[in-house]
There are 2 protein chains.
Amino acid sequence: MAKTDAAGAEKVLGSLISVFRNHGFEGASLSRFTESSGLVKPSLYHRFPRGKEEMALAALTEVDRIFATHVLAPIDCEGDPSQRLKLVRERLDKFYESGSQACLLETLSGVGTPPSVRAHVKNTLDFWIAKFTQLSKEAGIPAKEARVRAEGAVAAIEGALVISRAQENNREFKRSLESLSGRLLNR
Amino acid sequence: MAKTDAAGAEKVLGSLISVFRNHGFEGASLSRFTESSGLVKPSLYHRFPRGKEEMALAALTEVDRIFATHVLAPIDCEGDPSQRLKLVRERLDKFYESGSQACLLETLSGVGTPPSVRAHVKNTLDFWIAKFTQLSKEAGIPAKEARVRAEGAVAAIEGALVISRAQENNREFKRSLESLSGRLLNR
DNA sequence: GTCTATATTTGGATAGAC
DNA sequence: GTCTATCCAAATATAGAC
């Protein structure tokens, strides 16, 4: 039964992530969580007693897990940096559904979001930047420049998600992924 | 009195822009508009009879005006492209308050925003990209590439705003402005 | 053109049965 | 662990006085 419980918990977390992505902290209502997860409000409070704030923190923790164990995991493997980055690109494309899904780092960083949640967002972003920096350094880029490149690479993806959403066209998102090798490894 | 009315209208529009920037469409409540503008709800409905949707459209129209007549205006002036872009950079820095203020193109493009508002966001973004494309072409970049560069430049700014907000540090925003010359004119 | 007062719906949150 | 039923605050929106 432990396995079923874990699977159920993952499904609920997926619903939370989806709603927070699409509506941000303030626009994410308990009704939308019910619609998306099938659980009514008291059931959600049973799993997350401190309410919406705890739900947002749980959603971010789940994204941390997915990024560490799946999306960015190839960075810690063997092989040449360019090949590892290719895998990361594919997984980013899948995670953001080719640019049609927003990023929690964007939608949970607004001023209407509680400080505890924004602090978690900061940590999640730091981890992503650190992993990109690590890869860039492995490709021979000096530490300080690698960090700047990593921040620029993440900014390119976040900006492309905004542009693609506003244009209702994923061209810029696709270009942001194609530009990653140049940004992190080359020149 | 016409002058006073116009000034009053501009002040209210400034309040709407500020609240939509900080909270997005769904998080922007009439109480926040009251707090920011000093006008109670029935007064706001007097000016914007169709409610929040009309307020968001009015905020975007005002941003269009500011961008066309102030922020991007130097692009249509005389002088070399690099000097004109320098002015645009300064005005973008001021408009986004050195990266501490979000962009309406981001906060009004989510799925919780009404279609009419999202359509306006699309047009506002198109205008910005068109102006950057124009400048890039004037610097000798072929039309098709100039358009790609313009989209990348706007994406860099939007992404930098997200990163700077999440990090509570405007370094990436400053870098995005410094990178504009290279992105639009050089190489 | 702005206000007080109010109607109505949706929001977050809890008590208690099963 | 999930549900029905309920509470209270906050949301959008309007009527009508000044």
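Through which surface do the copies, chain B and chain A, meet? They meet through the same surface, because 100% of the interface residues of chain B are also interface residues in chain A. This is a predicted model, in which local features need pLDDT of at least 70, side-chain atom pairs count only at pLDDT 80 or more, and totals for chains, interfaces and linings use all residues. Residues are numbered from 1 along each chain as its sequence is written, while chains are lettered from A and ligands numbered from 1 in the order in which they are written.

In the interface, 31 residues of chain B are in contact with 31 residues of chain A, contact being defined by C-beta atoms, placed from the backbone, that lie within 7 Å. On chain B, at least two residues each are supplied by α1 (2-27), α6 (104-107), α7, α8 and α9 (171-178). Helices here are DSSP runs (H or I, at least four residues), numbered from the N terminus. The largest share of this side of chain B, 14 residues, comes from α8(B). By class, the side of chain B that touches chain A has 12 nonpolar, 11 polar and eight charged residues. In this division Ala, Val, Leu, Ile, Met, Phe, Trp, Tyr, Cys and Pro count as nonpolar, Asp, Glu, Lys and Arg as charged, and the others, Gly among them, as polar.

Within chain B, α7 (residues 115-138) and α8 (residues 143-167) pack at an angle of about 130 degrees, with their axes 8 Å apart. The two helices α7(B) and α8(B) are therefore oblique to each other. The contact includes B:Trp128, B:Ile129 and B:Phe132 of α7(B), and B:Ala146, B:Ala150 and B:Val154 of α8(B). Its residues divide into eight nonpolar, two polar and four charged.

The DNA remains to be described. Around DNA strand D there are 16 residues, of which A:Pro42, A:His46, B:Leu30, B:Pro42 and B:Gly51 come nearest; a residue is near a strand if its C-beta atom, placed from the backbone, lies within 6 Å of it. The largest share of the surface near DNA strand D, five residues, comes from α3(A). DNA strand C also has 16 residues around it, with A:Leu30, A:Ser31, A:Gly51, B:Pro42 and B:His46 nearest. For the surface near DNA strand C, the largest share, five residues, comes from α3(B). The surface near DNA strand D has six nonpolar, six polar and four charged residues, and the surface near DNA strand C divides into six nonpolar, six polar and four charged.

Methods:
Axes fitted to C-alpha atoms, helices over the stretch in contact; angles between N-to-C directions. Parallel < 35°, antiparallel > 145°, perpendicular 65-115°, else oblique. Contact = placed C-beta atoms within 7 Å.
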